[in-house]
Amino acid sequence: MNISIITIGKLKEKYLKQGINEYLKRLSAYAKIDIIELPDEKAPEQLSDAEMEQVKNKEGERILGKISDDTHVIALAIEGKQRSSEELAKEMDKLATYGKSKVAFVIGGSLGLSGDVMKRANDTLSFSRMTFPHQLMKLILLEQVYRGFRIIRNEPYHK
């Protein structure tokens, strides 16, 4: 399986990079993982609703430019479907079984994802109704993908 994690914003925090690198190393036994970091749109702190949409649309164009037609897209969004780790593992296994070998998880910037990206998504995923920094979501997502592969293969992993 080829998994892309497409994110807005570059990771700067060393401790998050270390955690991400650890899970990338662990995941190399199960899948090819590609992290694509796209620049966030520069914008002032206070934005009107129209300006927020403009920012999300520009970031969305960058995201969509990295997704091929044959890619199964899962958008991370607060309003997405919440799943247990076992349910996510089952979904990943189903994708692999039915020939969807290219999967992209998409993490938007601080304003979220554009309507066009949400329309392109084949599925949505929410880890919580809480808001998390999008940089932290990369680490959480990688851990859950790793956990998913361990579950699929009935390999031990802490609960």
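**Figure 1. The largest cavity of the predicted model.** The largest cavity in this predicted model has a volume of about 40 Å³, and the structure holds two cavities of 30 Å³ or more. Its lining is made up of Ile 74, Arg 83, Leu 88, Glu 91, Met 92, Leu 95, Asp 123 and Leu 125. Helix α3 contributes the largest share of the lining of this cavity, four residues, and both α3 and β5 (123–125) supply at least two residues each. When the residues lining the largest cavity are sorted by class, five are nonpolar, none is polar and three are charged.

**Figure 2. The second largest cavity.** This cavity has a volume of about 30 Å³, and the residues that line it are Met 1, Ile 3, Met 92, Leu 95, Val 103 and Phe 105. Met 92 and Leu 95 of this lining also belong to the lining of the largest cavity. At least two residues of the lining of the second largest cavity come from α3, and at least two from β4. By class, the lining of the second largest cavity consists of six nonpolar residues, with no polar and no charged ones.

**Figure 3. The largest nonpolar core.** The largest nonpolar core contains 27 residues, and those that touch the most other members are Ile 3, Ile 5, Phe 105, Leu 141, Val 145 and Phe 149. Strands β1 (2–8), β3 (72–76) and β4 (102–107), together with helices α1 (14–27), α3 (85–97) and α5 (134–152), each supply at least two residues of this core. Helix α5 gives the most to this core, namely seven residues. A second, separate core holds 13 residues, among them Leu 38, Ile 67, Val 73 and Ala 104.

**Figure 4. Surroundings of Ile 5 and Leu 141.** Ile 5 lies in strand β1 and, because its relative accessibility is 1%, counts as buried. Leaving aside residues up to four places away in sequence, Ile 5 touches Ile 33, Asp 34, Ile 35, Ile 36, Phe 105, Ile 107, Lys 138, Leu 141 and Leu 142. Leu 141, with residues up to four places away in sequence again not counted, touches Ile 5, Leu 76, Phe 105, Ile 107, Leu 125 and Phe 127. Ile 5 and Gln 46, by contrast, are 41 residues apart in sequence and 29 Å apart in space, C-alpha to C-alpha.

**Figure 5. Leu 136 in helix α5.** Leu 136 lies in helix α5, and its relative accessibility is 27%, so Leu 136 counts as partly exposed. Although Leu 136 and Gly 19 are 117 residues apart along the chain, their C-alpha atoms are separated by 9.9 Å.

**Figure 6. The largest pocket.** The volume of the largest pocket is about 460 Å³. It is lined by 23 residues, and the ones that lie nearest its centre are Leu 76, Ala 77, Ile 78, Gly 109 and Gly 112. The lining of the largest pocket divides into 13 nonpolar, eight polar and two charged residues.

Figure 7. By class, the lining of the second largest pocket has six nonpolar, three polar and five charged residues.

**Figure 8. The whole chain, for orientation among the close-ups.** The protein chain has five helices and five strands, which follow the pattern β-α-β-α-β-α-β-α-β-α along the sequence. The radius of gyration of the chain is 16 Å, close to the 15 Å that the globule rule gives for 159 residues, so the chain is as compact as a globular protein of that length. Taken along the principal axes, the C-alpha atoms fill a box of roughly 50 × 35 × 25 Å. Buried residues make up 43% of the 159 residues, and of the contacts with a separation of 6 or more, 85% are between residues 24 or more positions apart.

Conventions. Residues numbered from 1 in each chain as written. Predicted model: local features only at pLDDT ≥ 70, side-chain atom pairs only at ≥ 80, totals over all residues. Heavy atoms only, no water. 1 Å grid on protein atoms, 1.4 Å probe; cavity = no way out; pocket = protein on both sides within 12 Å on 5 of 7 lines; lining within 4 Å. Points joined across faces, edges and corners; volume = space filled by probe spheres on them. Nonpolar A, V, L, I, M, F, W, Y, C, P; charged D, E, K, R; others polar. Core = buried A, V, L, I, M, F, W, Y, C linked by side-chain atoms within 4.5 Å. Buried < 20%, exposed > 50% of the residue type's maximum accessible area, 1.4 Å probe, protein only. Contact = heavy atoms within 4.5 Å. Rg over C-alpha atoms; globule rule 2.2 N^0.38 Å.
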